[in-house]
Amino acid sequence: MAFADQATLSIDLSALVRNWQQLKTQAKSDIGATVKANAYSLGVDHVAPALYAAGCNTFFVAALTEGVALRTILPAASIYIYSGLGAPDVAVFTQHSLKPVLNTAQQVALWADQKPSPGAALHVDTGMSRLGCDAADIAALSADPALIDRAGITILMSHFACADTPDHRVNRAQIERFTTLHRLFPQLRTSLSNSAGTLNAAVAQSDLSRPGIGIYGGNPRPGMAMQMESVVTLTAPILQVRHVKAGETIGYGADFTAPKDMRTATIGIGYADGIPRNIAGKAEVIIAGQRCAVLGRISMDTLVADVSAIAQPPRHAEIIGDHITIDDMAAWAGTISYEILTGLGQRLERRYSVGDR
């Protein structure tokens, strides 16, 4: 149920699908979608079916629990779990026909015992030093190539550390390392690129791209021209319009002192909804088509904006949308758009649209 005083996150599924299609065109290869963290908090139960209907058949999530939930939504899709495989989880993987991304030779051997295997990907570390087989694992696997077939592995995967910086030296080093490793397992399809890698002509293309942030409207390459459409619009109600006299302070800590008489709007959204507390003094919101400075500290449930130049403030303010993007919010907060999206609170009412609906 929607309420007048509730902040609302509107999600344009048509724009989201068009972003995926744009990335598919750029990839010049097969393309899946990363829908971990509840599709970057936008709602995997809406996002995944929209992508599947558009032709996306391969999905990636981080945790096994996410994979089990996604399987109930998409009975026929290929679903990969980035976090790997543990012995207690084998039965769950097989029961739900989920595919592990195997990160060690030990995991490969464990999965090879499953008959028949639902399939898997082999993750090799090429310079991220996070997850993936190291040199010792690769040596063990290359000495027993039949193990790859027994485990049902069809994809050789790695992950770029610096794909959002096209000319970074680490990109070339990782490509060279990955190419060398692929020679050991030439029968496997390759998967390297996230959103930034897919858009980066300087980065080697692979057989299967697995974009994330670009699908959701974030700029995969900060500082470069934006190629993705905005997907989310975050609005919040104006709870009260106040007159603040020169010399009066606003908010916790009395950080902001009015330099003159002002009119302010108290807006019903705060850090409990995912608005970073450290955007104070830098951020703006859109009210009646105008950019209005945020004044004082962000509270748990409210923020305050300057509406002195607006004769009659409307009932709502736009916090994120076409004029203020998730990347703008990230820049004010000193973080990345991924964190802004995944941090959007659960009490936000999420509304979905497709086309003109």
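The following dialogue explains how to read several features of this predicted model.

Q: What kind of model is this, and how are its residues numbered?

A: The model is predicted, and residues are numbered from 1 along each chain as its sequence is written; local features need pLDDT of at least 70, side-chain atom pairs count only at pLDDT 80 or more, and totals for chains, interfaces and linings use all residues. Side-chain values use heavy atoms, with hydrogens and water left out.

Q: How many helices and strands does the protein have?

A: Helices (H or I, at least four residues) and strands (E, at least two) are DSSP runs, numbered from the N terminus. The protein has 12 helices and 19 strands. Its C-alpha atoms fill a box of roughly 80 × 45 × 35 Å, taken along the principal axes.

Q: What share of the residues is buried?

A: A residue is buried under 20% relative accessible area, exposed over 50%, and partly exposed in between (1.4 Å probe, protein chains only). Of the 357 residues in the protein, 51% are buried.

Q: How is a sheet described, and in what order do the seven strands of the open sheet stand?

A: Strands of a sheet pair through backbone hydrogen bonds, either parallel or antiparallel. Two strands count as paired if DSSP finds at least two bridges between them. Here the order is S3-S4-S5-S6-S7-S8-S9, with parallel pairing. Strand S3 (33–34) and strand S9 (189–191) are the edge strands, each pairing on one side only. Three bridges link S8 and S9 in the parallel sense, and isoleucine 155 stands opposite arginine 189 in S9.

Q: Which strands pair with S1, and in which sense, parallel or antiparallel?

A: Strand S1 (residues 8–12) pairs with strand S19 (residues 349–353) in the parallel sense, over five bridges. S1 is also joined by four bridges to strand S11 (residues 232–244), and these two run antiparallel. Serine 10 illustrates both pairings: it stands opposite arginine 351 in S19 and opposite threonine 233 in S11.

Q: Where do the buried residues of helix H6 fall when seen down its axis?

A: One uses an arc, which is that of the directions from the helix axis to the C-beta atoms. In H6 (residues 105–112), the residues Ala105, Gln107, Val108, Trp111 and Ala112 are buried. These buried residues fall within an arc of 160 degrees, so they line one face of the helix. Contact means heavy atoms within 4.5 Å. The buried residues of H6 pack against helix H5 (90–95), strand S6 (99–102), strand S7 (120–123), helix H7 (135–142), helix H8 (146–150) and strand S8 (153–157).

Q: Which residues of helix H4 are buried, and which are exposed on the other side?

A: In H4 (residues 64–73), Leu64, Gly67, Leu70 and Arg71 are buried. They cover an arc of only 115 degrees around the axis, which puts them on the same side of H4. Thr65 and Thr72, on the other side of H4, are exposed. The cover over the buried residues of H4 includes helix H3 (44–53), strand S4 (58–61), strand S5 (78–81) and H5.

Q: With which residues is threonine 264 in contact, leaving aside its neighbours within four places in sequence?

A: Threonine 264 belongs to strand S14 (residues 262–267) and is buried, with a relative accessible area of 2%. Apart from those neighbours, threonine 264 is in contact with Gln240, Val241, Arg242, Val244, Ile250, Leu295, Val304, Ala305 and Val307.

Q: What separates the C-alpha atoms of alanine 15 and valine 354?

A: Those atoms are separated by 8.3 Å, although the two residues are 339 apart along the chain. Alanine 15 is located in helix H1 (residues 13–27) and is buried, with a relative accessible area of 1%. Leaving aside neighbours within four places in sequence, alanine 15 is in contact with Glu229, Ser230 and Val231.

Q: What is the phi of alanine 39, and what is that of tyrosine 40?

A: Most residues other than glycine have a negative phi. Alanine 39, however, has a phi near 55 degrees, a positive value, and tyrosine 40 has a positive phi of about 55 degrees. Alanine 39 counts as buried at 0% relative accessibility, and tyrosine 40 is buried with a relative accessible area of 5%.
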